[in-house]
Amino acid sequence: VAALAGQQLPRRTLTLPPGEQTKSLAHLAEICRWLAQNGATRKSTLVAMGGGVIGDLVGFAAATYMRGIQYIQIPTTLLAQVDSSVGGKVAVDIPEGKNLVGAFHQPAAVYIPIDLLQHLPSRQFNNGMAEIWKYGFIMDRELTERLQKNPQPTGNDLHEIIEACIRHKAHVVAEDEFETKGLRAILNFGHTVGHAIEQALGYSSLLHGEAISIGMVAESRLGELLGLTPPGTTQIIRSCLEASSLPTRFFAQFGPQHMHQDRLADPEALVNAMRRDKKATSGKLAFSLLTSIGGCKLIDGVEEQFVYQALQEI
Ligand SMILES: NC(=O)c1ccc[n+]([C@@H]2O[C@H](COP(=O)([O-])OP(=O)(O)OC[C@H]3O[C@@H](n4cnc5c(N)ncnc54)[C@H](O)[C@@H]3O)[C@@H](O)[C@H]2O)c1
Ligand SMILES: [Zn+2]
C-alpha cells in the first residue's frame with residue numbers, strides 16, 4: 001500500500017509490515033511510541049491507510065493514545081471499504097484469540113479510494129465480495145438481485161454497490177453502536193460458523209470472507225432446519241457465492257479433479273468454538289438467521305443437534 005501511495009504520502013508516515021500478525025500489542029506500542037516521539041498531542045489526527053489490519057490497529061492506537069485522539073480511515077481493500085472501516089470497532093489480536101483487546105472508537109471520517117482496488121489480487125477482492133453478498137442476504141434483496149446479474153462488479157457498478165453497503169452498515173451501527181440491542185448482531189450472519197472455522201484452522205488457510213462464505217451456507221441451512229428460512233434458500237445462496245469464486249462447502253478439495261477431499265475441521269471442535277462466540281449466552285448458541293433473502297433475525301438458544309446436522313449437510 002505504501003508503494004501504491006508513493007509520492008503522495010505525507011512526511012510523517014509510519015509504514016508497517018502486511019499480514020494479520022501486525023495486529024498485535026507490539027505494533028500498538030510501536031505506533032504509540034512513534035506518536036510520542038513525533039510530538040503528537042490530543043489535537044493530532046492519525047490517518048489509517050491500508051486494509052482491515054491497519055484500520056483496526058491504527059484505530060485502536062487512536063482510541064488509547066492520550067486516552068483517545070481523532071483518526072481517519074482510508075481503507076484500501078474491498079473488505080475494509082465495505083465493512084471494517086465503518087462502525088468504530090478497533091482491536092488487536094493476542095495469542096489467546098483474535099480481536100480480544102479493543103475498543104469502540106468512531107473515525108472522524110472515512111475516505112474510500114476505489115481506484116486502488118485495481119491493484120488488489122482477485123482472491124482478496126472476492127474476500128470482500130463475501131461481505132457484500134452478506135448485506136444483500138440479510139437486508140437488501142435488490143442488491144442480491146443486482147449481484148446475481150453481475151457477480152464481479154467493476155467501475156460505476158462497484159462504486160454504487162460499495163456505497164449501498166456502507167449505508168447499510170452505518171444505519172445498523174447508528175441504531176446499535178455498542179451491540180447491546182441485538183440489532184448490530186444481525187451483521188454476524190455466517191460469522192458464528194465462519195469464526196469457528198477460522199479458529200479451528202488457525203487463521204491460515206482461509207481468508208475471513210472465505211470462512212464466512214461457508215458459514216453463510218451452513219447458517220442458511222440451519223435456518224431451514226429450524227423452519228425460519230424458506231426451503232431452497234441455501235441453494236440460492238450457494239450459487240451466489242460460487243459466482244464470486246468463494247468456497248461454500250465444509251470440505252476442502254485438493255488435487256487433480258478434486259480427487260481428494262478433506263473436512264475443514266471436526267464439527268465438535270467447531271461447536272465448541274461457537275459456544276465461546278460473543279453472541280452466545282451461558283453456553284447457548286445464537287445465530288443471525290435469514291427469514292428471507294433480504295431479511296434476518298437474531299435467534300438464541302439454538303439446539304446443537306440442528307447445528308451438527310447443518311454442518312453435516314453442507
Ligand atoms: N473492525 C471491524 O469491524 C472489522 C470487520 C471485518 C474485519 N476486520 C478485520 O480486518 C482484517 C482483515 O482485513 P483485510 O481483509 O483488509 O486484510 P489485510 O488488511 O490483511 O489486507 C490484505 C492484503 O492486501 C494488501 N493490500 C491492501 N490494500 C491493497 C491494494 N489496494 N492493492 C493491493 N494490495 C493491497 C495488504 O497489504 C495485505 O497484504 C482482520 O484483522 C479482521 O479482523 C475488522
Ligand atoms: Zn466479517
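**Ligand 1 and its surroundings**

An oxygen atom of ligand 1 lies 3.0 Å from a polar backbone atom of Val 53, a polar contact in the sense of a pair of N or O atoms within 3.5 Å. The model is predicted, with local features needing pLDDT of at least 70 and side-chain atom pairs pLDDT 80 or more, while totals for chains, interfaces and linings use all residues. Residues are numbered from 1 along each chain as its sequence is written, ligands are numbered from 1 and chains lettered from A in the order in which they are written, and side-chain values use heavy atoms, without hydrogens and water.

A side-chain N or O atom of Glu 20 is 2.7 Å from an oxygen atom of ligand 1, and a nitrogen atom of ligand 1 is 2.8 Å from a backbone N or O atom of Lys 89. The protein buries 82% of the 870 Å² that ligand 1 exposes when taken alone (accessible areas by the Shrake-Rupley method with a 1.4 Å probe). Helix H3 (52-64), helix H4 (78-84), strand S4 (97-104) and helix H5 (122-139) each give two or more residues to the shell; helices (H or I, at least four residues) and strands (E, at least two) are DSSP runs numbered from the N terminus.

Which residues come nearest to ligand 1? Of the 23 around it (a heavy atom within 4 Å), these are Glu 20, Gly 52, Thr 76, Thr 77 and Lys 89.

Note on methods: A polar contact is a pair of N or O atoms within 3.5 Å; within protein, one must be able to donate a hydrogen and the other to accept it, and residues adjacent in sequence count only if both atoms are side-chain atoms.
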